[in-house]
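Subject: Structure handover

Hi,

Here is the structure I promised to pass on to you. Please have it open while you read, as my notes follow below.

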Amino acid sequence: MAPILRISNLKKTYKGGFEALKGVDLDIREGEILALLGPNGAGKTTLISTICGITVPTSGSVTVNGFDTLTQYRQARAMIGLVPQEINLEPFEKVINTVALTRGLFGKRRDDALLERILRRLSLWDKKDSRIRELSGGMKRRVLIAKALSHEPRVLFLDEPTAGVDVDLRKDMWNIVSELKAEGVTVILTTHYIEEAEAISDRVGVISEGRLLLVEEKNALMARMGRKQLTIELREKIAAVPPGLTDLDLELAGDGMSLVYTYDTQKERTGITALLAALSREGITLRDLSTRQSSLEEIFVGLVKEGAA
Ligand SMILES: Nc1ncnc2c1ncn2[C@@H]1O[C@H](COP(=O)(O)OP(=O)(O)OP(=O)(O)O)[C@@H](O)[C@H]1O
């Protein structure tokens, strides 16, 4: 099946010469949820703005369901809903009018039943006649989502949808995203919260300094994150990993006073029993053992560092 979104060698250099995107290639399948992770200034917002036609790329192309976002802007833009990072709502407008107006701007005919469904789903129906300025920050975020859904997009972009929102609202957002997915909407979100990517995405992309460092199925990435380290402190210093142990993932550390064994927690066998038996065969005596798991955060930081090197 052709991807719903195809990004080819997308580059963006801002006036003044800053290269915010250095050639991004990415295909997105219909109905998937992709989380884009990256440090501040990595280029996530630039990527989304360029896809949505708010920023003009320096080179490269983007197609949405086959429509080019530059040469077939109207058709491409009609397929996309964007929930921006900044709250940019008219404070004196009523909620229902705000959402209806966006639908109208996309040239869609009035559909009161659809707007009611959208507002109910976002728990905004009882606020439909409230003015925007009377809403809490979390409700305003929901209005942004309602606006983005008002013209029935097939691809929804959420730029840091849960930045600064409380835990309940964050969970609500996650539920909304999975409901949209169930309806076949493709969702691309940027986030600084790794647990958010973990909770809702099918695939994770890591962007740093304008480059997409990695795009991987979340479950595969999780399996890699499942690595753990066992540190074995020794009673006596050794000069090298003993010959009988060299085929294990072992490193000598602490000036020869410890061995670090890295293993995969997802595997049925961790190899620890065999390792301890081998140590005993080699006549190595242990003083202490400790384990630590590499967090998703560490993996992410490691990736970004590697990418920068
Ligand atoms: N209009 C602009 N003119 C010049 N440089 C810009 C402009 N917009 C963004 N940049 C620069 O491009 C880089 C990428 O910015 P962008 O907002 O895309 O990053 P981001 O990954 O979304 O960051 P954050 O996580 O902080 O939102 C930054 O260094 C930023 O300063």
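A quick definition before the findings: helices (H or I, at least four residues) and strands (E, at least two) are DSSP runs, and their numbers count from the N terminus. With that in hand, the place of Asp-255 can be given as the loop between β12 (250-253) and β13 (258-264). Please keep in mind that this is a predicted model.

Asp-255 is worth a look in your viewer. Although Asp-255 is not a glycine, its phi is positive, at about 55°. Asp-255 counts as exposed, because it has 7 C-beta neighbours inside 10 Å. Glu-152 is another non-glycine residue with a positive phi of about 55°. You will find Glu-152 in the loop between α5 and β7 (155-159). Here the count is 16 C-beta neighbours inside 10 Å, so Glu-152 is classed as partly exposed.

On the overall layout, the domain assignment divides the chain into domain 1 (5-223) and domain 2 (227-293). The C-alpha centres of domain 1 and domain 2 are 47 Å apart.

Now to the helix packing. How do α3 and α5 cross? The axes of helix α3 (residues 95-105) and helix α5 (residues 137-149) come within 8 Å, with a crossing angle of roughly 30°. Angles under 35 degrees count as roughly parallel, and α3 and α5 are therefore roughly parallel to each other. The crossing of α3 past α5 is right-handed. On the α3 side, Val-95, Thr-98, Val-99 and Thr-102 take part, and they meet Val-143, Ala-146 and Lys-147 in α5. Sorted by class, this contact of α3 with α5 has four nonpolar, two polar and one charged residues.

Helix α4 (residues 112-121) also packs with α3: their axes come within 11 Å and cross at roughly 125°. That angle makes α3 oblique to α4. Again the crossing is right-handed, with α3 passing α4. The residues that meet are Ile-96, Val-99 and Ala-100 in α3 and Leu-115, Ile-118 and Leu-119 in α4. By class, the contact of α3 with α4 has six nonpolar, no polar and no charged residues.

Next, helix α1 (residues 44-51). Seven of its eight residues are buried, so α1 is largely enclosed by the rest of the structure. Among the buried residues in α1 are Lys-44, Leu-47 and Ile-51. Just after α1, Gly-53 has a positive phi of about 80°.

The loop between β3 (33-37) and α1 holds Gly-38. Gly-38 counts as buried because it has 26 C-beta neighbours inside 10 Å. Which residues does Gly-38 touch, once neighbours within four places in sequence are left aside? The contacts of Gly-38 are Lys-44, Val-206, Ile-207 and Ser-208. Gly-38 and Val-206 are 168 residues apart in sequence, yet their C-alpha atoms are 5.6 Å apart in space.

Thr-186 gives another case to inspect, in strand β8 (residues 186-191). Thr-186 is buried, because 25 other C-beta atoms lie within 10 Å. Beyond its neighbours within four places in sequence, Thr-186 is in contact with several residues, including Ile-4, Leu-5, Ile-28, Glu-30, Arg-154 and Val-155. Thr-186 and Leu-214 are 28 residues apart in sequence and 19 Å apart in space, C-alpha to C-alpha.

Methods. Residues numbered from 1 in each chain as written. Predicted model: local features only at pLDDT ≥ 70, side-chain atom pairs only at ≥ 80, totals over all residues. Axes fitted to C-alpha atoms, helices over the stretch in contact; angles between N-to-C directions. Parallel < 35°, antiparallel > 145°, perpendicular 65-115°, else oblique. Left-handed = near helix turned anticlockwise from the far one by under 90°. Contact = placed C-beta atoms within 7 Å. Nonpolar A, V, L, I, M, F, W, Y, C, P; charged D, E, K, R; others polar. Domains from an automatic or database assignment. Buried ≥ 20, exposed ≤ 12 C-beta atoms within 10 Å, placed from the backbone.
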